[in-house]
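Hi everyone, thanks for making time this morning.

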Amino acid sequence: MNLEAVIFYLFALIIVASGGLVVLSKNIMHAAFALMFTLFGLAGFYAMLLSDFLAVSQIMIYVGGILVLIIFGVMLTSKITGVELKTGPIGKVNYLFGAAISVIIACGLSLLFTNSKWIEKPVDKIPDSSINAIGYSLLTEYILVFEVAAVLLLIALIGAALIAHKDQIIDSDASSNEISTNNDIKIKE
Amino acid sequence: MENHQFLFNFISEYTGDILAGVLIAIIPLALLLVYALVAIYGELKIASFIQLKLGPMRTGKWGLLQPVAEVFKLLQKEDITPDGADKPLFNLAPFIIFLGCYAALSVLPLSSHFAPSGLNIGLFFIIAISSLAVLGIVMGGWASNNKYSLIGAMRSVSQIISYEIPAAMCILGVASMAHSLDMNVISAQQQGGFWNWYVLGGPAGISKIWLIPFTVVMFIVYFVTSLAETNRTPFDVPEGESELVAGYHTEYSGMKFAFFYLAEYGNMFVVSAIMTVIFFGGWSSPFGDFLNSPIWQIFWFIAKSMFFVGLQIWLRWTLPRTRVDQLMYLCWKILLPLSMVCFLAMALGGMLY
């Protein structure tokens, strides 16, 4: 076995083991932290496929952004409501449903995998970095999508600022449509 | 840049690729451990001098062996895991934090001929991998089953995530001027004396002079955010001992506490090294071609980084701690707009030169 294969199976083991932990763990916090290893393993796969930018983006967005958000959500809600962070007993029906969906997805993926035409031509030259190509295509071919995504993120930012801004609430009274500044208003639970 | 693999090629001629990879991977670790001893000694001594004391004097000449003694003390201490703690997460957390610091060290170009991993998106990688520290802190704080730890972890995470934005702005500003995310390339661009450093507008000749105020302000913004990202005073609210005992590592002892400690010092070095690379020429000599051979470049890189580490230690013992709301105010209402204005100017500079 060469070095690439060893590294591949190492990452595969990490992904499968931690993915299993995510699904099977009774403790939601353990599941959330196990997700970190899954996402890291995937980043390792991307790096092995020579998409370095994608690998680092995976760490940046999923590990640094989404996972932190998930963990914060889990942690804060449990502390506020005092609910134990355990998943309850799952009924037989749910197991059946889950198994059925998993089998269907697995069959679909393997069908797709066996039937699609893979490009098997060896690459003449390993590209130095994927980041230049990604940058050029983002700013030429996909400029519209890129800008729409940027505007969407801007809207999300403004919305978040508006929600977080406690002092100014829009008066629900239909007669006055102006923004009232009331410092005494508390957020209701 | 092909030659950053010089050392790897040199070693692999004798040992083969796999062993050479392992050996190269050990270098940042060794660097980190030796650096930590120096930094602990520096911290003790600088703190004492600022407080008009002598500091450690008894272990070795001028107390030089004090950090070694501290390490042995930490190794000998009992490793306590509290009863109510979440054992797997509690034991894993210090190593996750340390892993983030170690991974960040792996892309720093120590010399034009040597970076442990010459990644061409090194700067982006460092921003991304620093999120591991966040996860480790939440993990430790939550698993300790202690309200002080949890509050410390919350504070720390909100602080690090907030301050990542101005820090990323600074890094992006320099990246847009350098047209590269490769730390070795950015360092190479700043060769030829300190006038070419990006803190002084980069290597664009005399016409760049209008850019200097923006880059200097950008550097100051990055320095402030780097203090906050490593949880150093004046931004060490996560471990403010007057409120939170010791923050997220309250429950840790012995070896695991040593890992937290090591990771904190390691992160100080990492942010200082980033500062060195993006603003102060990385490994390049401040005097043009004078003393600019690959070996001397290692010296320059380490010396510049250690200068900023020293600056952080100096500030720690000089400034009082900020409040949490002041911390957030500074980040969102001062540093972020400042860094955005400077970023626009630097992006314009990047387009012009």
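Let's start with B:Leu52, which counts as exposed because it has 6 C-beta neighbours inside 10 Å. B:Leu52 is not a glycine, yet its phi is positive, about 55 degrees. You'll find B:Leu52 in the loop between helix H2 (17–50) and helix H3 (66–76) of chain B. Helices here are DSSP runs of H or I with at least four residues, strands are runs of E with at least two, and both are numbered from the N terminus.

A word on the source: this is a predicted model, where local features need pLDDT of at least 70, side-chain atom pairs count only at pLDDT 80 or more, and totals for chains, interfaces and linings use all residues. Residues are numbered from 1 along each chain as its sequence is written, while chains are lettered from A and ligands numbered from 1 in the order in which they are written.

Now, where does B:His179 sit? B:His179 is in the loop between helix H7 (147–178) and helix H8 (183–189) of chain B. B:His179 is not a glycine either, and has a positive phi of about 55 degrees. With 13 C-beta neighbours inside 10 Å, B:His179 counts as partly exposed.

On to a helix pair. Two packed helices are described by the angle between their axes and the distance between the axes. H2(B) packs against helix H11 (residues 254–279) of chain B at about 95 degrees, and the axes are 10 Å apart. The two helices, H2(B) and H11(B), are therefore roughly perpendicular, a label that covers 65 to 115 degrees. By class, their contact has eight nonpolar residues, one polar and no charged ones. On the H2(B) side are B:Leu32, B:Tyr35, B:Ala36 and B:Ala39, and among their partners in H11(B) are B:Tyr265 and B:Gly266. Contact means C-beta atoms, placed from the backbone, within 7 Å.

Finally, the whole chain. Chain B has 13 helices and zero strands. Buried residues make up 50% of its 353 residues. Of the contacts in chain B with a separation of 6 or more, 77% join residues 24 or more positions apart. The C-alpha atoms fill a box of roughly 60 × 55 × 40 Å along the principal axes.

Technical notes
A residue is buried if 20 or more other C-beta atoms lie within 10 Å of its own, exposed if 12 or fewer, and partly exposed in between; C-beta atoms are placed from the backbone. Two residues are in contact if their C-beta atoms, placed from the backbone, lie within 7 Å. Axes are lines fitted to C-alpha atoms, for helices over the stretch in contact, and angles run from 0 to 180 degrees between N-to-C directions. Angles under 35 degrees count as roughly parallel, over 145 as roughly antiparallel, 65 to 115 as roughly perpendicular and the rest as oblique. Ala, Val, Leu, Ile, Met, Phe, Trp, Tyr, Cys and Pro count as nonpolar, Asp, Glu, Lys and Arg as charged, and the others, Gly among them, as polar.
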